[in-house]
Each structure stands twice: as structure tokens, then as C-alpha cells.
Amino acid sequence: MSVMIRQAAESDLPAILRLYAQPEIDDGDILPVEDAAKIFRRFADYPDYHLFVAEQDGEVVGSYALLIMDNIGHLGARSAVVEDVVVDPKRQGAGIGKTMMRAALTEAAKKGCYKLALSSNQKRDRAHAFYESLGFDRHGYSFLVTPEEKA
């Protein structure tokens, strides 16, 4: 069964939210569709930020967000960040995630990005092995701070 990657439509949000509800992602604590729709509409305010879905047999089976950023550093080379990668748990291991990440890499290359970065929770060993199998390297450190606690 082939997988088609396309930009998400607002009508895809209920299916995407169901994917985010899985235990390793948002553990059932997801946004109401109306709140997600408001955020989705704000994506249009960014020059190059899109939500994508993987579709198989007319069903949304995966999703990711891709941000292409312009930079002043790195001699003006663009960079890409992929976020919120999720695949239906019943379909993991079937190549859907690989197809999504290849699409993100292709888009980043097409837009002249010098890197495609992502972060992953330290506990997600299977996800790390998956990304490494696609050629992603562990690079540097990722740091996190909760702004309201440090402001």
C-alpha cells in the first residue's frame, strides 16, 4: 500500500489529534479541535511552516510539521526543523515514518537548507534508532527551559 504525503488541511485535524493522543506523544491529553484549528490557521503567518500528513487508502496515518528558516549565520544558508512526528501505532514499522522523513529531507534540500534538525525525548529509544537508521546523526546537545519558570 502506497503512502502519499501532502500538506494537511484543516479538515485533517481530528485525525491528526487522534495520532497525537498516543502514549508516547500527548498521552490522551490533546487540544480541542477548535483550538488546534486556530493554531493551524496561524501557520500561514510564517513564511515557510507547514503541517503535513501521510495518507494511506484515504486515511491519515502519520503527520509532521516542517519549518524552513532563513538565517543570517551560516552565510545565509537556510535550515529546516521537523517537529511533531507521529505515526499510527498500528502501522509503525511499515515505512510510513521513513516516507515522511524522506519527504521532509527532499523539501529541505529543494529549499537549499544546510541541515534538517529534530529533537526527540531521551526516553524514546525506538524513535532514536529509527532516526539513526535514516542517516540522522546525534549532534550536539539539546537544552530546554520552561520560560515562565525562569523569567
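**Note on pockets and cores**

1. Second largest pocket. Its lining has 20 residues, and Val 87, Gln 92, Arg 126, Ala 127 and Phe 130 lie nearest its centre. H4 supplies the largest share of this lining, four residues. A pocket here is an open set of points on a 1 Å grid over the protein atoms alone, where a 1.4 Å probe fits, with protein on both sides within 12 Å along at least five of seven lines; lining residues have an atom within 4 Å of a point.

2. Basis. This is a predicted model: local features need pLDDT of at least 70, side-chain atom pairs count only at pLDDT 80 or more, and totals for chains, interfaces and linings use all residues. Residues are numbered from 1 along each chain as its sequence is written, and side-chain values use heavy atoms, with hydrogens and water left out.

3. Largest nonpolar core. Tyr 64, Leu 66 and Met 101 touch the most other members among its 21 residues. Such a core joins buried Ala, Val, Leu, Ile, Met, Phe, Trp, Tyr and Cys residues through side-chain atoms within 4.5 Å. Buried means under 20% relative accessible area (1.4 Å probe, protein chains only). H3 (96–110) gives the most, five residues. Helices are DSSP runs of H or I, at least four residues; strands are E runs, at least two; both are numbered from the N terminus.

4. Leu 66. Beyond four places in sequence, its contacts (heavy atoms within 4.5 Å) include Phe 52, Val 82, Ala 104 and Leu 116.

5. Helix H1. Six of its eight residues (13–20) are buried. Among them are Leu 13, Ile 16 and Tyr 20. The buried residues pack against H2, S2, S3 and S4.

Key:
Buried means under 20% relative accessible area, exposed over 50%, partly exposed in between (1.4 Å probe, protein chains only).
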